[in-house]
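Reader: Can you take me through some contacts and charged pairs in this one?

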Amino acid sequence: MELRTIKGTNLNTPVYRGFASIKDIAAISAPDTYKQDSNPDGLQRDLNEKHSREGYLYADGAQKVPDYPRLWPEVILNVRDPNVVEILPVDEANNLFKIVVHEDLIDTNPDRRPQISRTDGNHRLFYGEGHPIRGYPPLDISTPFSLTIGLTPLQEASLFMDINDNLKRMNTSHLRHLQTRLTASEVLATADPPP
């Protein structure tokens with residue numbers, strides 16, 4: 001698989017940023033899930049199935065309702081094993097690079113730590129390759145990604161904490177107000193009638 005990227009620095013961390021299909025990003029990456037006994041150095045919390053389903057359905061809806069704009073923040077991946085990628089300059093003067101991911105070298109055994117880990121975005125990617133039992137086809141729709149190379153698991157954990165702990169939650173009354181503005185009045189009258 002080839003990923004077209006632009007190389008830059010996000011604050012003080014070198015990154016390669018680009019776009020790829022959700023199914024492809026999901027296929028080459030994996031979560032490093034914390035387990036007290038078998039993986040005490042893992043990064044992610046246990047998967048929240050509901051959150052993952054909602055992410056899948058939101059992205060899938062972008063294909064089904066193209067006139068309703070949808071987007072989400074970039075997923076952040078870290079290449080822990082540099083042997084599975086090759087970074088080739090396309091136009092070095094303009095920071096354009098092609099990253100070749102050697103999929104045949106990626107070990108998909110879920111009991112091993114991932115070679116390309118999901119620093120942030122695991123719930124968004126979890127059903128990306130599809131889920132035949134739930135009837136979810138693979139998500140062949142573009143999403144942004146940011147790829148770091150060679151961060152240690154401790155550095156990843158630090159970034160994960162920064163991303164997930166330092167963000168302030170939006171006031172729910174403001175979100176409810178926006179929801180009301182976005183919902184047609186005839187729908188509101190039937191779906192949420194006054195008591």
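Author: Start with threonine 5, which touches Tyr16, Arg17, Asn95, Leu96, Phe97, Ile99 and Phe145, leaving aside residues up to four places away in sequence. Contact here means heavy atoms within 4.5 Å. This is a predicted model: local features need pLDDT of at least 70, side-chain atom pairs count only at pLDDT 80 or more, and totals for chains, interfaces and linings use all residues. Numbering runs from 1 along each chain as its sequence is written, and side-chain values use heavy atoms, without hydrogens and water.

Reader: Where is threonine 5 found? And is threonine 5 buried or exposed?

Author: Threonine 5 is in strand S1, residues 2–10 (strands are DSSP runs of E, at least two residues, and helices runs of H or I, at least four, numbered from the N terminus). Its relative accessibility is 5%, so it counts as buried (under 20%; exposed is over 50%, partly exposed in between, with a 1.4 Å probe and protein chains only).

Reader: Switching to charges. How many salt bridges are there?

Author: The count is 11, taking a side-chain nitrogen of Lys or Arg within 4 Å of a carboxyl oxygen of Asp or Glu.

Reader: What does glutamate 74 pair with?

Author: Glutamate 74 bridges to arginine 17, with the closest N and O atoms 2.9 Å apart. Glutamate 74 sits in the loop between H2 (49–64) and S3 (75–79) and arginine 17 in S2 (residues 13–21), so the pair ties together parts 57 residues apart in sequence. Arginine 17 is partly exposed at 38%, while glutamate 74 is buried at 17%.

Reader: And arginine 80, which partner there?

Author: Aspartate 32, at 2.8 Å from N to O. Aspartate 32 is buried, with a relative accessible area of 1%.
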